[in-house]
Amino acid sequence: MRWVKTEIVFFLVTAMLCMGCEEVSGRPAPELQEPVSRNSACRPVERGSIGRVETLMAAVVPKEYAHFYLSDAVIEKEEAEVGDYVREGDILARTDNREERERKIQLEEELRQERERYAWQKKIAEQRKAEIRLLGGKGSKKKRAVLEEDARYERELYRQRVKEIEREIRQAGRDIQEGVLRAKHSGYVTYRKDLQVSAQAEPRENVVVVADRGQRYIELVKVTADKYTYTGYKEKYIISDGKRYPVEEAAYTEKELAAARKNGCDPAVRFACPEGVKLSCGDSCLVYFSKKAAAEVLAVGNDSLHSQGAETYVFVKNSEGVEEKRMVSTGAKDEYRTEIKEGLKEGELVCYSSGAALPVGYDTHTVARTRYKVRSHSGSSRFADNSPCLVMAEREGKIVESAVYNGCRVKKGDLLYVIDTGKAKAALADLANQIRKEKESYRDTVKEMKKQAAAEMREKTGRLRTLAGKRWKYEQELAACTHRHFIQELERQYEEYKKGNDGSGRVRVRARTGGTVTNCQIRVGEEITEGTYLFGIEGKKDRRRLLVLQIPPLRPRPEVEKKFAHVGERIEFISNGKSCSGICTGYTKSVNNVYLTTEGGKTYVSRNNPESSFEHPGYYVELEGDGRLSGELSEIQTTFSAVCLKDVLTVPAGSVYEEKAGKGESVWYVWRVVQGQLVKQYVELDRELANGVEQVVFSGLEPGDVVAA
């Protein structure tokens, strides 16, 4: 019975060993021979670093500057398109501040009128003082003192009025400036709020985002500050052109992190881009992390070591092929290898135990640093439109007629809609009556003043008569000035109500610009208030700028497919056998979820609005050179890199094998060809970075190594 059990166990172990080391690439596995024993498997003693190297995927991104309002705002117009280059101080957007602008104009006119009135009042007072001095006599000094006091009072009153008007003008100017969003930094616009969804911007909602492609960061993919566990690691580096470049975290301040966490969001972990490294916006790269500084030491695999009490030994194959037992002194150790301090020399062959089956009839592949790409495919394309000009209701009332609908074209001056204000007719009649009464009152005033002046002139002679005549002239000028100002204001109000009004209270509103009507919200019979969004008018389509909408692929690969190209990444278009390319300049909706801005010692957390007027998310592309696209845009094939690693080690996908390590985990290995022998070599990798032909290897191999494929 014991013999039967032994046979069964031996059979099961043999079956598991034959099945457990199969190829995982999906390609036919090469023929495998029986597992080798300890006595027939050897590998050379080599130099290398001890210690596990962790690897994370990263992307090269530009530094972005968020632009937002600190309070609720209604955006009237966005001055910059996605892809536009703007300079620091350029206007990016304006709020609907027509009231503030009109108020400022009125205040400036009021100030001018105040100064004009005071100038005539001052001249009149000076003439009165001159007449008193000329008359002389008892009491003249007291009369002059009274005039001086009146003049001082009028002067102080005038100064107070001017000061108050100037204060209101400055405030109106600040209100207007606060409604003007200016670029904080020069760069390319990568995002702008979709006004066709809503012109209302909430506090700290990004209206425009500007990126400086010259300031680049290496940003970890899908790793935020709260999930980052490598802060204390001794070495952090990337590899470019075969060289190792140390990287340092571009740390956020405690204040910024506190503000982000308070808002329930953590920013992505980023590193400063090292000097001299050849990385462009849109590139992918690998960031390596090691707990200890890597030192080149002699090392052997852990499967070569044996212990006897406190001693450690290995079996070394000599030049005659005979195995010798040799004591060794060991040092640092990791998952796969152990440092040898004494007892072995570089190049000596050390035996190791292996239960893995060797491949038979294999090809060889020399490992080298190369470019690795995984392609993503987008959906339909369309030419991008300019930012829509928003049409907001200028009056309160009821829409009684509409001349527009979605997709219709309008020219400047075309009728858009008719609104019944319900007040215009009565207001026009009232204003016309006020204007008539003011003109009649002024005529009566002038007639009375002439009568009084004539009576006074008859009682005076000589120089006194001349002075009095001048004074009455100034009085008439002051009266004319006051009348003119009052009439001017009444007529302004009258023209405002009269504009587009047919006399029945209905106002005909016409287009201020031409274009295509989009997102039309007009409803005949609807009551609206001033400032209500009605529709947008888009300008001409830009033949150089494309909008690519991301239609989900039929057979997506979620582990590698990404929806968007990176800013600065090259996009390829193929149409009717011809190809051209462009650069991704930005997005239709949020890509980065967290923007931290510190200004004046205060930290703000802002976000992009995730809503878009497009059915699918998309990105904008600026065509390069003389690129031309022919045929239907929806039929153009669009591709870009889901992953684009420029300087990584790759091996044929069929050369990688899986080994179960317990607890549902796996380790990976390849067969190196060393001095004509196959040597089992453990490697670090991510199975998602395989395209069916190549597999990216993070560590375990070096350029020049030869593997069995």
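The charged end of R244 sits over the ring of Y237, 3.9 Å from its centre. A charge is counted as sitting over a ring if NZ of Lys or CZ of Arg is within 6 Å of the ring centre and within 35 degrees of the ring normal. The model is predicted: local features need pLDDT of at least 70 and side-chain atom pairs count only at pLDDT 80 or more, whereas totals for chains, interfaces and linings use all residues. Residues are numbered from 1 along each chain as its sequence is written, and side-chain values use heavy atoms, with hydrogens and water left out.

**Aromatic rings**

The structure holds 17 aromatic pairs. Rings of Phe, Tyr and Trp (its six-membered ring) pair if their centres lie within 6.5 Å; planes under 30 degrees apart count as stacked, over 60 as edge-to-face and the rest as tilted. Two of the pairs are set out below.

| Pair | Distance between centres | Angle between planes | Class |
|---|---|---|---|
| F68 and Y604 | 5.9 Å | 65 degrees | edge-to-face |
| Y669 and Y682 | 6.3 Å | 70 degrees | edge-to-face |

F68, in strand 4 (residues 53-68), and Y604, in strand 38 (residues 602-606), are 536 residues apart, and their pair links distant parts of the chain. Strands (E, at least two residues) are DSSP runs, numbered from the N terminus. Both F68 and Y604 are buried, that is, under 20% relative accessible area (1.4 Å probe, protein chains only), where exposed is over 50% and partly exposed lies in between. The ring of F68 also has the charged end of K184 over it, 4.9 Å from the ring centre.

Y669 belongs to strand 42 (residues 665-674) and Y682 to strand 43 (residues 677-690), 13 residues apart. Y669 and Y682 are buried. Elsewhere, ring pairs link Y228, Y230, Y233, F271 and F289 into a cluster.

Four strands form an open antiparallel sheet in the order 26-33-31-28; two strands pair if DSSP finds at least two bridges between them. Strand 26 (389-392) and strand 28 (409-410) are the edge strands, each pairing on one side only. Strand 31 (residues 515-518) and strand 33 (residues 533-538) pair in the antiparallel sense over 3 bridges.

T516 lies in strand 31 and stands opposite E538 in strand 33. The side chain of T516 makes a polar contact with the side chain of R409 at 2.8 Å. A polar contact is a pair of N or O atoms within 3.5 Å; within protein, one must be able to donate a hydrogen and the other to accept it, and residues adjacent in sequence count only if both atoms are side-chain atoms. Leaving aside neighbours within four places in sequence, T516 is in contact (heavy atoms within 4.5 Å) with G407, C408, R409, G536, I537 and E538.
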